[in-house]
Amino acid sequence: MTDIATRATRATRATRVAPSTGGRRRRHGGGPRAGTIVAFLIPFFLPFVLFYLVPVGYAIWQSFLVVRRTGGQYGTSYTTFGGFEQYVHVFQNNEFWNSIGRIALFGIVQVPVMLFVALIMALLLDTPLLKAKSFFRVAAFMPYAVPGVIAAIMWSYLYSPQLSPLVDLLKSIGLQPDFLGPGAVLWSAANVSTWLWTGYNMLIMFSALQSIPQELYEAAKLDGASNWAIAWQIKVPIIAPSIILTTVFSIIGTLQLYAEPAVLRQISSNISSTYTPNMLAYAVASGNNYQQAAAISVVIAVITFVLSFGFMRLTTKRAGL
């Protein structure tokens, strides 16, 4: 008891002395420290401002401009401020709403399937029953190392009726697959995205599982809990923030879908140049209508922000995080 009291007294004295010493150090060293902090922040903020804030601001400004002509259709063109005219054209564009509906269907089906598979894989990697964990972890993560365009080209080879050994195999057992047909091409693109991103999401969930103290599992086993109960009643609730994070990333990625349908469009007539919102913006910009393309991009960004932020707020509030 005497030792404890002595230590407490020393700690109290140190606490009383610390503020004045720290304040003296801050007074003498405040300038250099502030300059050092600024020097370390500049390499981040300078590219952030130049390559993110400036382009975003320029796109927003362009979305409020319109091109007028004097003297009829072949007259001299000039750019002027048009207010929300470009946004009115966007919301009246049926191709825009068709692409939004298509991508919404894509996300409603593809995102839950991908995250469920990623969660199952993460739980399997975390169980002591699985052997060769390092091999399976690398094998599951490897597709993420493949660029999206290359992955789409690889899968387009497997989807092509003339070239695919997979199609030949399925035909040999009596099936007639049409991966590029009007009813299947969206899910063919979804399969490419799932193959690409499942390992990435699995790694985020697996990293969260690794931070759970083993004592929780031991206590649960002492209470008679099975591996199944431990997985779904202990592990999954604890890593809920990681699941929410991967869901937000997936929502953002879904609304940015471009590479997979753009590559599959080269071998399928069922994918138009306006198949997704990003493809529509690119097609409009390719027609030299940069102002409307900017408006489409701004609308996509707003929808992405509302959906991702709204989902995050809703789920974190329900989970009590």
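1. Helix α6 and its ends. Helix α6 covers residues 165-172, and Ser164 caps its N-terminal end. A side-chain oxygen of Ser164 lies 3.1 Å from the backbone nitrogen of Leu166. Just after α6, Gly174 has a positive phi of about 95 degrees. Helices (H or I, at least four residues) and strands (E, at least two) are DSSP runs, numbered from the N terminus.

2. Basis of the model. This is a predicted model, in which local features need pLDDT of at least 70 and side-chain atom pairs count only at pLDDT 80 or more, while totals for chains, interfaces and linings use all residues. Residues are numbered from 1 along each chain as its sequence is written, and side-chain values use heavy atoms, with hydrogens and water left out.

3. The chain as a whole. The chain has 13 helices and two strands. Of its 321 residues, 35% are buried; buried means under 20% relative accessible area, exposed over 50%, and partly exposed in between (1.4 Å probe, protein chains only). The chain exposes about 19800 Å², and carbon and sulfur atoms supply 66% of that area. Accessible areas come from the Shrake-Rupley method with a 1.4 Å probe; for residues, only the protein chains shown count as cover. Among contacts (heavy atoms within 4.5 Å) with a separation of 6 or more, 63% are between residues 24 or more positions apart.

4. The nonpolar cores. A nonpolar core is a set of buried Ala, Val, Leu, Ile, Met, Phe, Trp, Tyr and Cys residues joined through side-chain atoms within 4.5 Å. The largest has 23 residues, and those with the most contacts inside it are Leu119, Met205 and Ile239. Two or more residues each come from α3 (94-126), α7 (185-210), α8 (214-222) and α9 (227-238). Helix α3 gives the largest share, eight residues. Leaving aside neighbours within four places in sequence, Leu119 is in contact with Met205, Trp232, Val236, Ile239 and Ile243. A second, separate core of 19 residues includes Val192, Leu196, Leu255 and Ile271.

5. Aromatic pairs. Rings of Phe, Tyr and Trp (its six-membered ring) pair if their centres lie within 6.5 Å; planes under 30 degrees apart count as stacked, over 60 as edge-to-face and the rest as tilted. By this rule there are 21 aromatic pairs. Phe135 and Phe136 form an edge-to-face pair, 5.4 Å centre to centre with 70 degrees between the planes. Phe135 is exposed, at 56% relative accessible area, and Phe136 is partly exposed, at 39%. Elsewhere, ring pairs link Trp61, Phe64, Phe81, Phe84 and Tyr87 into a cluster.

6. Charges over rings. A charge sits over a ring if NZ of Lys or CZ of Arg is within 6 Å of the ring centre and within 35 degrees of the ring normal. Arg102 lies over the face of Tyr275, 4.5 Å from the ring centre. The charged end of Lys235 sits over the ring of Tyr217, at 5.0 Å from its centre.

7. Two threonines. Thr76 lies in strand β2 (residues 76-81) and is exposed, with a relative accessible area of 58%. Not counting residues up to four places away in sequence, Thr76 touches Arg68, Arg69 and Thr70. Thr247 is in helix α10 (residues 240-255) and counts as buried, at 11% relative accessibility. With residues up to four places away in sequence again not counted, Thr247 touches Leu115 and Phe311.

Notes: A polar contact is a pair of N or O atoms within 3.5 Å; within protein, one must be able to donate a hydrogen and the other to accept it, and residues adjacent in sequence count only if both atoms are side-chain atoms.
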